[in-house]
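Hi everyone, thanks for making time this morning.

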Amino acid sequence: MEIHRHPTLTRMWAPVGQQPEVPAPGKNEKKVVYGGVDYKTGQLTYTLADSKCGVSFLAFLMALLLAYSGKKIRLVCDNGRFHTTKAVQAFLEEHREQIEVYWLPPYCPSLNLIERLWGHLKRTVVANVLYITLDDLVAAFRKGVRRLTGNRECMGFMFDHDDFIPRPLRKQDRIAA
């Protein structure tokens with residue numbers, strides 16, 4: 001995901017008849033966030049970069065290997081160009097015993113649960129606020145992440161959905177033997 005100094009705008013409350021104003025910077029600046037969530041614990045591992053590219057994604061993959069040393073990583077990825085560079089593919093092949101990648105179909109962000117986290121952080125941390133500097137924006141983002149990471153109970157927006165929670169079989173779905 002990208003975080004921008006130019007504020008993400010979302011709906012907000014305001015007194016009747018008073019139009020809220022959100023200032024914008026003269027020049028937009030951004031950071032790219034690469035991240036992964038441990039679905040069991042809610043722990044977020046992420047890196048920040050200046051751009052979307054294979055080298056920055058490789059740095060994230062190395063951070064994952066460090067964070068989950070000795071454990072098998074199952075990573076869900078979309079088909080972003082930076083995920084499929086030759087260097088990334090070679091790295092994934094070299095580390096196939098440690099990282100198993102599940103590739104999503106193109107243009108299906110709704111299938112990747114981390115998109116729910118990115119949306120939540122954009123709405124609750126960076127929306128409707130002009131941060132004076134890029135460092136201020138990054139600090140606010142990190143604070144928002146610290147508030148959530150490892151606290152799966154606070155991450156219901158990611159995990160508490162009908163498509164993620166197994167349902168008991170209904171009577172008509174059971175097969176009689």
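I'll begin with one tyrosine, then move to the aromatic pairs and finish with the nonpolar cores. Please keep in mind throughout that this is a predicted model.

So, let's start with tyrosine 34. You'll find tyrosine 34 in strand E2, which covers residues 30-37. Is tyrosine 34 buried or exposed? Its relative accessible area is 4%, and because anything under 20% counts as buried, tyrosine 34 is buried.

What does the side chain of tyrosine 34 reach at 3.1 Å? It reaches the backbone oxygen of serine 51. There is a polar atom of the tyrosine 34 side chain 3.1 Å from the backbone nitrogen of cysteine 53, too. Setting aside neighbours within four places in sequence, the contacts of tyrosine 34 include Thr45, Tyr46, Ala49, Lys52 and Ser56.

Now for the rings. How many aromatic pairs are there? The count is five. One of them joins tyrosine 34 and phenylalanine 57: the centres are 6.0 Å apart, the planes make an angle of 50°, and the pair is tilted. This pair ties together distant parts of the chain, since phenylalanine 57 belongs to helix H1 (residues 54-67) and tyrosine 34 to strand E2, 23 residues apart. Phenylalanine 57 is buried as well, at 3% relative accessibility.

Then there's tyrosine 46 with phenylalanine 141. Their planes stand at 85° with the ring centres 5.6 Å apart, so this pair is edge-to-face. Here too, distant parts of the chain are linked: tyrosine 46 is in strand E3 (residues 44-49) and phenylalanine 141 in helix H4 (residues 134-148), 95 residues apart. Phenylalanine 141 is buried, with 1% relative accessibility.

Last stop, the cores. The largest nonpolar core has 23 residues, and among the members that touch the most others are Val37, Trp118, Phe141 and Met155. Strand E2, helix H3 (114-126), H4 and helix H5 (156-159) each contribute at least two residues to this core. Methionine 155, leaving out neighbours within four places in sequence, is in contact with Val37, Gly42, Leu117 and Leu148. A separate core of 18 residues includes Val32, Leu61, Ile73 and Ile99.

That's my tour, and I'm happy to take questions.

How values were computed
Residues numbered from 1 in each chain as written. Predicted model: local features only at pLDDT ≥ 70, side-chain atom pairs only at ≥ 80, totals over all residues. Heavy atoms only, no water. Helix = DSSP H or I, 4+ residues; strand = E, 2+ residues; numbered from the N terminus. Buried < 20%, exposed > 50% of the residue type's maximum accessible area, 1.4 Å probe, protein only. Contact = heavy atoms within 4.5 Å. Polar contact = N/O pair within 3.5 Å; in protein donor to acceptor, adjacent residues only side chain to side chain. Phe/Tyr/Trp six-rings, centres within 6.5 Å; stacked < 30°, edge-to-face > 60°. Core = buried A, V, L, I, M, F, W, Y, C linked by side-chain atoms within 4.5 Å.
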